[in-house]
Amino acid sequence: MATIEGRNQRNHRLHAGAPTVPAPRTNGETIPAATTGAGPVRYVWAAARIAVGWVFLWAFLDKLFGWGFATPAAKAWVNGGSPTTGFLKGTADHTFGGLFTTLAGQPWVDWLFMIGLAGAGIALTLGIGMRIAAAAGGLLLLMMWAAELPLTTNPFMDEHIVYAIVLAGLALTGAGTTLGLGTQWAATPLVRRFPILK
């Protein structure tokens with residue numbers, strides 16, 4: 001009976017959070033588990049965060065001011081152009097073309113699109129609000145992916161899906177804490193009260 005109770009206590013301790021598999025060893029040293037907060041990998045995630053943030057932020061700025069890269073000055077939002085019309089009107093022959101072409105040029109769609117680009121770009125670049133930026137940016141990317149179906153160069157995969165996956169990784173790994181303001185942001189009373197804002 002005492003042996004069974006002792007075994008049950010040991011099993012309880014093992015299942016209460018203690019690791020059951022020892023960490024691998026090399027030359028007598030324990031190799032730490034790969035985490036995003038340790039070593040050079042955190043800088044890779046930080047670089048990815050800033051790069052993807054810049055992609056969103058640049059798209060916002062170019063559509064806002066028409067700096068001539070993807071948007072000519074005459075079609076800039078500040079000059080009365082619509083940031084969604086060109087892309088969405090070009091989807092007429094695609095699978096969901098009927099839906100997306102009706103949204104093209106709608107003021108509320110333009111505003112949501114531009115707020116999404118600016119919000120995701122600023123949040124990712126600064127490393128704040130990563131969860132909301134990943135969710136909103138991912139949704140925006142998935143909608144843009146759907147608007148282009150069927151794809152011409154791949155059966156289903158394109159850069160929109162890749163960016164959406166990267167956004168999920170950035171949010172899940174806490175990439176805003178390295179080379180960003182994520183730690184300070186998380187310590188604010190607002191974020192402590194509403195952790196979804198991390």
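Which residues form one aromatic cluster? Select Trp54, Trp58, Phe65, Trp67 and Phe69, and you have it on screen. Before you go on, know that this is a predicted model, where local features need pLDDT of at least 70, side-chain atom pairs count only at pLDDT 80 or more, and totals for chains, interfaces and linings use all residues. Residues are numbered from 1 along each chain as its sequence is written, and side-chain values use heavy atoms, with hydrogens and water left out.

**Stop 1: the whole protein**

Zoom out and colour by secondary structure. You'll find nine helices and two strands, in the order α-β-β-α-α-α-α-α-α-α-α along the sequence. Helices here are DSSP runs of H or I with at least four residues, strands are runs of E with at least two, and both are numbered from the N terminus. Of the 198 residues, 31% count as buried; that means under 20% relative accessible area, while exposed is over 50% and partly exposed is in between (1.4 Å probe, protein chains only).

**Stop 2: aromatic pairs**

The whole structure holds five aromatic pairs. Rings of Phe, Tyr and Trp (its six-membered ring) pair if their centres lie within 6.5 Å; planes under 30 degrees apart are stacked, over 60 edge-to-face, and the rest tilted. Pick Trp58 and Trp67: their ring centres are 5.4 Å apart and their planes sit at 40°, so this pair is tilted. Trp58 has 25% relative accessibility, so it counts as partly exposed, and Trp67, at 43%, counts as partly exposed too.

Now pick Trp77 and Trp111. Their centres are 4.9 Å apart with planes at 70°, so call this one edge-to-face. The pair joins distant parts of the chain, 34 residues apart: Trp77 is in the loop between α2 (41-65) and α3 (85-89), and Trp111 is in helix α5 (residues 107-126). With 51% relative accessibility, Trp111 counts as exposed.

**Stop 3: along α2**

Select α2, which has 25 residues. From first C-alpha to last it reaches 36 Å, close to the 36 Å expected at 1.5 Å a residue (the expected span is 1.5 Å times one less than the number of residues). Its buried residues include Ala46, Arg49, Phe56 and Phe60. An α-helix has 3.6 residues a turn, so residues three or four places apart point the same way. The buried residues of α2 pack against α5, α6 (130-147) and α7.

Next, click Thr178, in the loop between α7 (159-172) and α8 (182-186). Is Thr178 buried or exposed? Its 7% relative accessibility means that it counts as buried. Leaving out residues up to four places away in sequence, Thr178 touches Arg42, Tyr43, Ala46 and Arg49, where contact means heavy atoms within 4.5 Å.

**Stop 4: the largest pocket**

Where is the centre of the largest pocket? Of its 16 lining residues, Val109, Leu112, Phe113, Leu140 and Met143 are the closest to that centre. The elements giving two or more residues to the lining are α3, α4 (97-103), α5 and α6. By class, the lining has 14 nonpolar, two polar and no charged residues. Nonpolar covers Ala, Val, Leu, Ile, Met, Phe, Trp, Tyr, Cys and Pro; charged covers Asp, Glu, Lys and Arg; the others, Gly among them, are polar. A pocket, found on a 1 Å grid over the protein atoms alone, is an open set of points where a 1.4 Å probe fits, with protein on both sides within 12 Å along at least five of seven lines; lining residues have an atom within 4 Å of a point.
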